[in-house]
Amino acid sequence: MAFVLSLRRAFVADHFHDLPGFQEDRHGHNWEVEAAVELDREADEPAFSDALDAWVAAIDYRLLNDRPELAGRNPTAELLAEQAFLHLRKATLRPRWVRIREKSNYWALCRASEGA
């Protein structure tokens, strides 16, 4: 029987937005990522935990604008949710959704399409 498991991790990272007509200074947040994946068995939980930890380790205490996978894109909560979702998928997991919380009143959710 398959089940859905969610895990949550905190991380700290800086970013800034540089858009036509809108530029802001570099600043940081205490971010939070929460992800849910579908697992076939409880023994698969360590693979999920390891994959989520690896994604967080790659961005924790970094300037997000400098990350190669984010080059030329504004590092928003929406983009980070998508990147974490794709990372879990590449780790051969079946993510259902990933939520990134940038601050207490702002978060973004990336979820699997119906039938995916």
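Reader: In which loop is the place of Tyr61?

Author: The model is a predicted one, and within it Tyr61 has a positive phi of about 60° although it is not a glycine. Most residues other than glycine have a negative phi. The place of Tyr61 is in the loop between helix 1 and strand 5 (62-63).

Reader: Is Tyr61 buried or exposed?

Author: Residues count as exposed when their relative accessible area is over 50%. The relative accessible area of Tyr61 is 64%, and therefore Tyr61 is exposed.

Reader: Which residues of the largest nonpolar core touch the most other members?

Author: In soluble globular proteins, nonpolar side chains tend to be buried together. The largest nonpolar core of this model holds 30 residues, and those that touch the most other members are Trp55 and Ile100.

Reader: Which element supplies the largest share of this core?

Author: At least two residues of the core come from each of strand 1 (3-15), strand 4 (27-39), helix 1 (45-59), helix 2 (77-90), strand 6 (94-103) and strand 7 (106-111). The largest share amounts to seven residues, and the element that supplies it is helix 2.

Reader: How are helix 1 and helix 2 oriented to each other?

Author: Two packed helices are described by the angle between their axes and the distance between the axes. Here the axes of helix 1 and helix 2 come within 10 Å and cross at roughly 140°, and helix 1 passes helix 2 in a right-handed crossing. Angles over 145 degrees would count as roughly antiparallel, and helix 1 and helix 2 are therefore oblique to each other.

Reader: How many nonpolar, polar and charged residues has the contact of helix 1 with helix 2?

Author: On the side of helix 1, the contact is made by Phe48, Ala51, Leu52, Ala54 and Trp55, and on the side of helix 2 by Leu80, Gln83, Ala84, His87 and Leu88. Sorted by class, the contact has eight nonpolar, two polar and no charged residues.

Reader: What is the C-alpha separation of Trp31 and Ala13?

Author: Trp31 is found in strand 4, and at 1% relative accessibility it counts as buried. Trp31 and Ala13 are 18 residues apart along the chain, while their C-alpha atoms are separated by 7.2 Å.

Reader: Is Glu34 buried or exposed?

Author: Glu34 lies in strand 4, and, leaving aside neighbours within four places in sequence, it is in contact with Ser6, Leu7, Arg8, Trp97, Val98 and Arg99. Buried means under 20% relative accessible area. Glu34 has a relative accessibility of 11%, so it counts as buried.

Reader: How far apart in space are Glu102 and Asn30, C-alpha to C-alpha?

Author: Glu102 is found in strand 6 and counts as buried at 9% relative accessibility. Not counting residues up to four places away in sequence, Glu102 touches His15, His29, Asn30, Trp31 and Ala77. Although Glu102 and Asn30 are 72 residues apart in sequence, their C-alpha atoms are apart in space by 7.0 Å.

Reader: With which residues is Asp18 in contact, leaving aside its neighbours within four places in sequence?

Author: Asp18 is found in strand 2 (residues 18-19) and is partly exposed, with a relative accessible area of 45%. Leaving aside neighbours within four places in sequence, Asp18 is in contact with Gln23 and Asn74.

Conventions
Residues are numbered from 1 along each chain as its sequence is written. This is a predicted model: local features need pLDDT of at least 70, side-chain atom pairs count only at pLDDT 80 or more; totals for chains, interfaces and linings use all residues. Side-chain values use heavy atoms; hydrogens and water are left out. A nonpolar core is a set of buried Ala, Val, Leu, Ile, Met, Phe, Trp, Tyr and Cys residues joined through side-chain atoms within 4.5 Å. Buried means under 20% relative accessible area, exposed over 50%, partly exposed in between (1.4 Å probe, protein chains only). Helices (H or I, at least four residues) and strands (E, at least two) are DSSP runs, numbered from the N terminus. Axes are lines fitted to C-alpha atoms, for helices over the stretch in contact, and angles run from 0 to 180 degrees between N-to-C directions. Angles under 35 degrees count as roughly parallel, over 145 as roughly antiparallel, 65 to 115 as roughly perpendicular and the rest as oblique. A crossing is left-handed if the near helix is turned anticlockwise from the far one by less than a right angle, and right-handed if clockwise. Contact means heavy atoms within 4.5 Å. Ala, Val, Leu, Ile, Met, Phe, Trp, Tyr, Cys and Pro count as nonpolar, Asp, Glu, Lys and Arg as charged, and the others, Gly among them, as polar.
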